[in-house]
Amino acid sequence: MTEPIRAAQIAHVLFLDVVGYSKESTSTQGRLLEQLNAAVNASSAFQRAKTDGAVLPIPTGDGMALLFFVDVLAAAQCAIEIQKALITVPVRMGIHSGLVQKQLDITGSENVVGEGINTASRVMGFGDTGHILLSAQYALVLSQFDDWKPRLHLLGDGTAKHDLQIQLFSLHGDGFGNAAKPASVTRPTSGIPSQKVVLLYKRNLPEDEKVLKLLERHLIENGHEVFVDQHLKIGVEWARAIEDKIRAADAVVAIVSPKAMQSEMLEYEMETAHDQFAKTGKPALLPVKIGSEEPLDGVIASIIKPLNYFEWHGEGDDARLVVELLSAIHEPLKPRQEEIKLEPVGGAVPPGSPFYIARATDPEFFTALDNGESILLVRGARQMGKTSLLAQGNKHARDRGWRIGMTDFQKLNMSQMSNEETFYRLVAATLARQLKFKYDFENEWLDLFGANLNMEAFLRALIEEQDEHLVWFMDEVDKLFLAPFASDFFGLVRSWHNSRSIEPDGPWSKLTVVISYATEAHLFIQDLNQSPFNVGRRIELEDFNAQQMVDLNGRYGSPLRSYQEVEKLQALIAGQPFLTRRALDSLATGKLDFAGLLESATRDDGPFGDHLKRILVSVSSLPAVLDFIRSLLAGKPSNDQSTYYRLLAAGIIRQDRDGSVRFRCDLYKRHLADHLSG
């Protein structure tokens with residue numbers, strides 16, 4: 001997995017070098033740098049920031065860059081103090097406020113990249129000996145302080161690398177700076193717009209419009225061509241004009257407040273910008289989050305979460321916000337991505353995992369546990385997350401101080417499940433070991449009573465040993481359905497439910513049994529009146545819906561870049577939990593891009609290859625199943641009920657509410673059609 005992109009932050013960068021350094025001898029260069037280092041270390045502004053851990057010094061060969069991250073005045077104060085200390089050393093300085101991202105260089109030392117340090121270097125490059133030059137962004141921040149206003153002097157525009165126009169100010173006063181105009185700086189030009197910027201917002205929200213006016217004014221003052229949808233008449237031409245402007249823009253600034261997040265129009269505009277960026281690399285999408293500290297949620301959130309969004313909480317943030325936006329427009333940073341430790345795909349999702357997605361059934365499940373209900377039936381097709389939900393329930397019960405028993409029937413072999421006595425004794429002994437319960441099997445487990453009564457006596461003693469509630473989780477009980485004593489065992493479980501009423505003073509109200517299964521129980525249980533499957537609370541697990549896929553996508557670092565991509569993936573795999581995680585893992589680790597994922601989805605060597613091959617083998621091994629699949633591919637579903645339920649439990653087909661039968665997802669249909677048609 002590649003190194004994660006680190007979050008951007010604003011830095012007030014003082015860039016300085018020794019004029020004529022390269023013309024000096026090696027010994028003179030060393031002496032000049034010693035003097036420069038001494039002057040920097042003698043600066044009180046530098047030392048204060050160093051003590052607070054709020055400055056990053058970076059050597060540049062003939063000088064250095066000092067990045068101040070907290071005190072906006074520190075860069076200017078430090079520049080003046082350094083210059084006054086270096087009376088005999090010819091230095092020039094440039095200061096700029098902009099966005100930077102920290103990273104490690106090849107030696108393992110901390111370094112930075114970004115517009116903040118690049119522009120500071122360019123600003124310094126316009127200066128001559130003694131100049132302390134400021135970008136318009138840093139001058140804007142400094143002008144908020146009355147003591148500094150008289151020291152700011154507009155010089156004009158300079159043309160830097162890539163024809164970048166930079167408006168420059170000179171910082172000078174009594175005993176510091178250079179009042180002369182640098183030769184490379186002209187007077188302000190007519191100001192050819194350097195960037196086309198579209199401002200997006202939701203109308204009739206006072207704070208949103210306040211920020212809009214602030215940004216519009218400063219963007220225009222800095223030479224940008226700004227489009228705001230304020231005066232166009234709503235209609236077909238209006239819709240076309242907005243989309244055309246967005247797709248032609250260099251940058252799109254979206255003002256996002258809690259109420260704006262509910263705007264379908266803003267959602268459409270941001271999706272348009274995101275789509276155009278995916279196609280051409282422009283426009284840069286720059287969200288400004290205002291108001292609430294609540295976490296982002298919804299479609300707009302899925303777009304902006306990986307981006308370097310900016311925040312505004314009140315007028316005190318005006319200057320900072322303007323500086324950040326101007327910096328990002330001049331040189332956009334890469335999307336932000338939090339460091340994400342991915343987990344292996346497959347098997348149960350452990351409790352506490354950031355990749356566990358709660359579904360509508362989760363609250364019902366936990367409430368039933370809290371209420372101490374007798375039997376909870378967790379049903380879902382293969383790889384639907386049944387074991388993951390049981391793991392969540394296990395943690396939920398432990399957090400409440402209850403006792404927990406777990407029987408995973410998948411771990412039992414056929415010999416252990418072929419003999420009734422062996423099976424019951426094994427299950428009881430396993431529970432005793434898990435709960436550290438000492439039971440006298442030799443004297444209490446008697447052949448006279450038979451397996452069922454021995455099991456009930458054991459469980460009664462286990463429950464009565466302590467006052468705490470006991471939750472017994474049974475996973476993969478489908479495997480037990482084929483055992484010759486299955487009906488007797490499930491009849492026993494049903495009897496414990498009935499005993500809550502028949503024996504009100506008994507221990508059974510302190511027992512909850514949670515049963516996880518996939519296959520329809522009525523195909524195997526002889527007497528449904530003696531079955532727990534028609535008295536317990538049924539928790540039916542469904543595939544992820546689109547919003548849950550958006551949520552999971554965000555937890556993977558948003559490798560799906562738009563809601564349209566979420567919809568395309570949903571159409572392919574129908575939200576099947578395992579396939580969803582497999583797809584997002586492939587994208588997040590860089591194994592495939594989205595186009596590559598779709599193109600290779602049904603291939604045997606694609607991201608789902610092993611999963612699809614297992615399905616193909618399983619449906620090909622039984623003639624009845626193969627015939628059912630072929631009839632479904634031909635649009636004429638078979639009436640073979642036992643095969644239907646087998647495929648339903650395997651998660652290969654599904655039944656819609658209108659009773660029609662279809663493949664679980666388009667991926668299965670396409671793959672099976674490729675291999676079984678004809």
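**Entry 1: surface patch**

I began with the surface and noted a nonpolar patch of about 420 Å² made by L446, L448, F449 and L453. For patches I took residues with over 30% relative accessible area and no salt bridge, joining nonpolar side chains (Val, Leu, Ile, Met, Phe, Trp, Tyr) within 5 Å and like charges within 9 Å. The accessible areas are Shrake-Rupley values with a 1.4 Å probe, and for residues only the protein chains shown count as cover.

I then looked up L448, which sits in the loop between helix 15 (441–444) and helix 16 (450–464). Helices (H or I, at least four residues) and strands (E, at least two) are DSSP runs, numbered from the N terminus. L448 counts as exposed because its relative accessible area is 74%. My classes are buried for under 20% relative accessible area, exposed for over 50%, and partly exposed in between (1.4 Å probe, protein chains only).

**Entry 2: model and confidence**

The model is predicted: local features need pLDDT of at least 70, side-chain atom pairs count only at pLDDT 80 or more, and totals for chains, interfaces and linings use all residues. Residues are numbered from 1 along each chain as its sequence is written, and side-chain values use heavy atoms, with hydrogens and water left out.

I checked pLDDT, the predictor's confidence in each residue, from 0 to 100. The protein chain averages 84, and 90% of the residues score at least 70. Confidence is lowest in helix 9 (residues 299–304), with a mean of 75, and highest in strand 16 (residues 470–475), at 95. Residues 1–6 have a pLDDT below 50, and this stretch has twelve contacts in the model beyond near neighbours in sequence. The pLDDT is also below 50 over residues 189–193, a stretch with six such contacts. A contact here means heavy atoms within 4.5 Å.

**Entry 3: salt bridges**

I counted a salt bridge where a side-chain nitrogen of Lys or Arg is within 4 Å of a carboxyl oxygen of Asp or Glu. The count by this rule is 23 salt bridges.

I looked up R537 and found a salt bridge to E364, with the closest N and O atoms 3.2 Å apart. This pair links distant parts of the chain, R537 being in strand 18 (residues 537–540) and E364 in helix 11 (residues 361–370), 173 residues apart. R537 is partly exposed, with a relative accessible area of 32%, and E364 is partly exposed, also at 32%.

Next I took K395, which forms a salt bridge with D399 at 2.9 Å between the closest N and O atoms. K395 and D399 are four residues apart in helix 12 (residues 386–399), so about one helical turn separates them. K395 is partly exposed at 37% relative accessibility, whereas D399 is exposed at 52%.

For E465 I found a salt bridge with R403 (3.2 Å, N to O). E465 lies in the loop between helix 16 and strand 16, and R403 in strand 15 (residues 403–408), 62 residues apart. R403 is buried, at 7% relative accessibility, while E465 is partly exposed, at 38%.

I also noted a network of salt bridges that links E243, R247, D275 and K279.

**Entry 4: A42**

Last, I looked up A42, which lies in helix 1 (residues 26–42). A42 is exposed, with a relative accessible area of 60%. Its C-alpha atom is separated by 8.3 Å from that of E81, 39 residues apart along the chain.
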